[in-house]
Amino acid sequence: MDTIGVGIIGASPDGWASFSHVPALKALPGYELRAVGTSRRASAEAAAARFGVAAAFDHHEALIAHPGVDLVVVASTVTRHHEHAAAALAAGKMVYCEWPLAPSLADAEDLAARAAGLRTVIGLQARYAPAVRHARDLVAGGYVGEVLGTTLVGSSMSWGGQTDRAHVHLFDAATGLSPLTVSTLHALEAVDHVLGGFATVSGNLVTARTRTRVADDGTTIPVTVADQVSVTGRLAGGAAVSVFYRGGFSRGENLRWEINGTEGDLVLRADGPNGNLQTRDLVLEGGRGDDDSVHEIAVPGSYFDPVPRALEGPAQNVAQVYAALARDLREATRTVPGFDHALERHRLVAHLERQQVSGVPAAR
């Protein structure tokens with residue numbers, strides 16, 4: 001197909017899709033946003049007006065049935081991902097679903113089974129960040145020598161000591177959203193992509209804040225997700241890996257990823273309170289040989305093409321996913337991770353949650 005028609009479920013005027021998917025699609029050739037949908041008619045029409053789209057829907061099945069929609073983007077709340085993605089798959093449409101694929105492993109397994117043979121995309125876009133891809137090539141080219149270990153520390157921002165009424169659902173484990181499933185898994189996706197996967201992995205999930213304050217009215221709500229997440233293990237190549245995400249943010253650094261080797265070191269970092277790797281414009285630094293510190297490494301323009309380099313923030317990485325999907329469709333390849341890959345990641349989450357040791361005090 002010359003032009004891929006896109007319909008976005010969950011395209012509220014000021015939601016995630018508005019500052020990631022919409023600008024990404026508008027920046028690329030070969031895509032056309034043809035329909036948007038939300039759960040309310042007023043917000044659907046407001047989104048259509050804001051994004052310059054003719055078709056607005058307040059029910060997902062109507063959007064999916066639109067004859068001009070080839071690719072259905074599921075950007076709705078996670079608790080409705082299964083319903084929306086299953087309907088799009090049943091209609092034979094291509095489906096791009098935001099991560100997490102579903103709030104539970106069972107729902108993810110069901111969607112992966114339904115998607116067999118169909119073109120699907122899972123929104124784990126951290127691996128497509130230009131700086132991440134350049135770091136991968138530098139490691140493969142021997143910049144750091146043999147990889148000895150890697151450490152990543154970040155702040156998930158959303159899960160702090162205070163929130164607003166619109167985001168209280170983030171603190172409820174039943175929604176499937178947490179520092180583990182969101183911030184940590186996006187980071188682990190990048191680590192896996194750059195350094196070759198995990199041989200062993202274990203986690204320490206701690207709910208340090210048992211309640212958080214709702215700023216709108218001064219009330220507090222219970223916290224049922226782990227807001228301090230540590231994942232450690234060994235990479236397939238033998239190197240040590242350690243990833244830590246804190247809820248909220250630090251007054252120090254909020255995102256720093258180091259890759260240390262026998263010949264050199266690489267650092268990926270971002271300034272500011274947001275430590276979610278998948279949404280940031282990353283700075284890549286490196287040093288090797290006789291260097292006594294790291295220096296910035298410019299990311300060549302080829303890692304951005306065909307996405308405009310000026311496209312910033314989460315839209316850049318999401319646009320890179322769309323660009324890779326367009327290449328796959330042109331070349332009849334399947335390089336973009338789909339629902340089968342998402343299922344692997346959901347199984348990793350389940351493993352980290354199952355192998356927790358609960359309530360055993362350390363020996364004194």
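Predicted model: local features only at pLDDT ≥ 70, side-chain atom pairs only at ≥ 80, totals over all residues.
An open sheet is built from three strands in the order β8-β10-β11, with mixed pairing. Its edges are formed by β8 (162-163) and β11 (220-222), each of which pairs on one side only. Between β8 and β10 (residues 211-214) the pairing is parallel and runs over two bridges; here Thr163 stands opposite Val214 of β10.

Helix α6 (residues 105-114) has a buried side that includes Ala108, Leu111 and Ala112. Viewed down the axis of α6, the buried residues fall within an arc of 100°, so they line one face of the helix. Turned away from that side are the exposed residues Ala106 and Ala113. Among the elements covering the buried residues of α6 are α5 (81-90) and α10 (339-354).

Turning to the aromatic side chains, three aromatic pairs are found in the whole structure. In one of them, the ring centres of Tyr31 and Tyr322 lie 5.2 Å apart with the planes at 70°; the pair is therefore edge-to-face. Tyr31 counts as buried at 8% relative accessibility, and Tyr322 is buried with a relative accessible area of 0%. Tyr322 also pairs with Tyr96: the centres are 5.1 Å apart and the planes at 35°, so this pair is tilted. Because Tyr96 lies in strand β5 (residues 94-98) and Tyr322 in helix α9, the pair ties together parts 226 residues apart in sequence. Tyr96, too, is buried.

Elsewhere, the charged end of Arg288 sits over the ring of Tyr143, 5.1 Å from its centre.

Technical notes. Residues numbered from 1 in each chain as written. Heavy atoms only, no water. Pairing = 2+ DSSP bridges. Helix = DSSP H or I, 4+ residues; strand = E, 2+ residues; numbered from the N terminus. Buried < 20%, exposed > 50% of the residue type's maximum accessible area, 1.4 Å probe, protein only. Arc of directions from axis to C-beta. Contact = heavy atoms within 4.5 Å. Phe/Tyr/Trp six-rings, centres within 6.5 Å; stacked < 30°, edge-to-face > 60°. Lys NZ or Arg CZ within 6 Å of the ring centre and 35° of its normal.
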